[in-house]
Amino acid sequence: MMRPRRFPFPVCYAADLPRFLARTQCRSFASAVGLQAPRAASSTPLSPTIFFISNRLFDRSTCLDRLVPTSKLRASSTSTAPPVIDATQTPQSPSELPPHRRRQAQRKIDSAADPDSSSVLPDNASSILTTAAAAHPSNSLRRTLATLLSLSKPRLTMLVTLTAMASYALYPVPELLSASTTEIPSLSPLTLLFLTVGTFLCSSSANALNMLYETKTDAIMSRTRNRPLVRRLLSTRSAVLFAVLSGAAGVAALYFGVNPTVSFLGLSNIVLYAGIYTPLKAFSVTNTWVGGLVGGIPPLMGWAAAAGEVATRDGSWKELLFASDGSSIGGWLLAGLLFAWQFPHFMAVSWSIREDYKAAGLRMLACTNPARNARVALRYSVVFAPLCFALCAAGVTDWSFAATSLPINVWIVREAVRFWRHEGHAGSARGLFWASVWHLPGVMILALLHKKGMWARAWRSVFGVPDEDEDGVWEDDEEVDMVGMAHKAETAAR
């Protein structure tokens, strides 16, 4: 009797496969484990085509498990069996996620619940600092410093300070006072230091007074209910003392370190913000325009500080702010830029938290007249390009600034048009808010990069290239001196 033929590897014919598996149980591997029982036959017979497509008639053999680790086995892409899910595995809790993933998850939840909610806004810096301060012991230095910094509204204060510094740096330096002529900086770094510290302290004082006045309304609004005075991390007496001391120190620093005109502007900003803008919020929508004036004063402070360094007469407020030669027009243009920027930014912010404003009884266009709120945002967005053009015409920046600032100006106008069409809905408030957030630093950085004559002076200082008329100027001066000396000698001889 002939022995059946052996195959070195299993065959793939449907007719011989059952008989082959019955005779050979993976003898070549000496496995003690046999094949598992075949699956129960389906009531519907498989056609040859379906068999070869499925490629699985019997359960997988375990004879290779000793040689191949189970963890490295790859599941067949043609398997029709559903994946096995471990019931013991649970999704990560929010506390186990990284901070940025946690914030993203919370924003998704908020957006799904209300697409037009205040979740489009970043976290309030004062609230973040208040939470951090509350985690420290009551008498610790860290808690006190974090609470006082929270009382100053650090993001707003930094924005105010940076706009004053940028305006100071943009002041056009006269050629006779340039560093290439005097061999020292014509604008004093010490003056810039006093300007920075004084502006920061004045803004901190104004914001602290604002929180003292709005404690009740802050407790109602979800975005401000975590502020230090609402949570009673600081007594009212301590907050008043901080506001008075920081305001007095800021005004004094500006008066003695810069000039009286800048000091008066800093004091005016405190009065406007804390004494007029804050109470007016409960009575009239014109509070937004007063707030725009507050935002436009810091660039004027920086410009007046630089003008005081190069003043040729008495250095009064008329010479610094209303110079007869037109040199002060650059400061007013920068102030107008900041004044106009307040509206698209604040209109988008106030629309996102309009329900909070309404609950607190504050008069904002976003809750009293949403259509006008969108129109005002669009109206002031279209003036950025003309203002940038005017800065070039006034000699503050080179003409290339008009071209490089055009894309970012077009961007904010585009978002303002969407905001006007949708009246804040369909994500238009979010788009305008972020466009305004990036617009201001973008325009300021571009203006600093395109400051009038900056690159020409840098080129001359690096490569030692003289000015076009430098030799002629010195020759004329020498000739005048020689004529004067000859005239004196002739007079003495007579």
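In which handedness, left-handed or right-handed, does α14 pass α18? The structure is a predicted model, in which local features need pLDDT of at least 70, side-chain atom pairs count only at pLDDT 80 or more, and totals for chains, interfaces and linings use all residues. Residues are numbered from 1 along each chain as its sequence is written, and side-chain values use heavy atoms, with hydrogens and water left out.

Helix α14 (residues 329–352) passes α18 in a left-handed crossing; a crossing is left-handed if the near helix is turned anticlockwise from the far one by less than a right angle, and right-handed if clockwise. Helices (H or I, at least four residues) and strands (E, at least two) are DSSP runs, numbered from the N terminus. The axes of α14 and α18 (residues 384–393) come within 10 Å and cross at roughly 165 degrees, which makes α14 roughly antiparallel to α18. Axes are lines fitted to C-alpha atoms, for helices over the stretch in contact, and angles run from 0 to 180 degrees between N-to-C directions. Angles under 35 degrees count as roughly parallel, over 145 as roughly antiparallel, 65 to 115 as roughly perpendicular and the rest as oblique. The contact (heavy atoms within 4.5 Å) includes Leu 333, Leu 337 and Trp 341 of α14 and Phe 384 and Leu 387 of α18. By class, 10 nonpolar, two polar and no charged residues take part in the contact of α14 with α18. Here Ala, Val, Leu, Ile, Met, Phe, Trp, Tyr, Cys and Pro count as nonpolar, Asp, Glu, Lys and Arg as charged, and the others, Gly among them, as polar.

Helix α17 (residues 370–381) and helix α20 (residues 406–422) pack at about 165 degrees, with axes 8 Å apart. That angle makes α17 roughly antiparallel to α20, and α17 passes α20 in a left-handed crossing. Among the contact residues are Arg 375 and Leu 378 of α17 and Ile 412, Phe 419 and Trp 420 of α20. The contact of α17 with α20 comprises nine nonpolar residues, two polar and one charged.

For helix α8 (residues 189–213) and helix α11 (residues 260–280), the packing angle is about 15 degrees and the axes are 9 Å apart. That makes α8 roughly parallel to α11. The crossing of α8 past α11 is right-handed. Contact residues include Leu 195, Cys 202 and Tyr 213 of α8, together with Val 262, Ile 270 and Tyr 273 of α11. In the contact of α8 with α11, 10 residues are nonpolar, five are polar and none is charged.

The structure holds 11 aromatic pairs. Rings of Phe, Tyr and Trp (its six-membered ring) pair if their centres lie within 6.5 Å; planes under 30 degrees apart count as stacked, over 60 as edge-to-face and the rest as tilted. Trp 289 and Phe 343 form a tilted pair, 5.3 Å centre to centre, with 55 degrees between the planes. This pair links distant parts of the chain, with Trp 289 in helix α12 (residues 287–309) and Phe 343 in α14, 54 residues apart.
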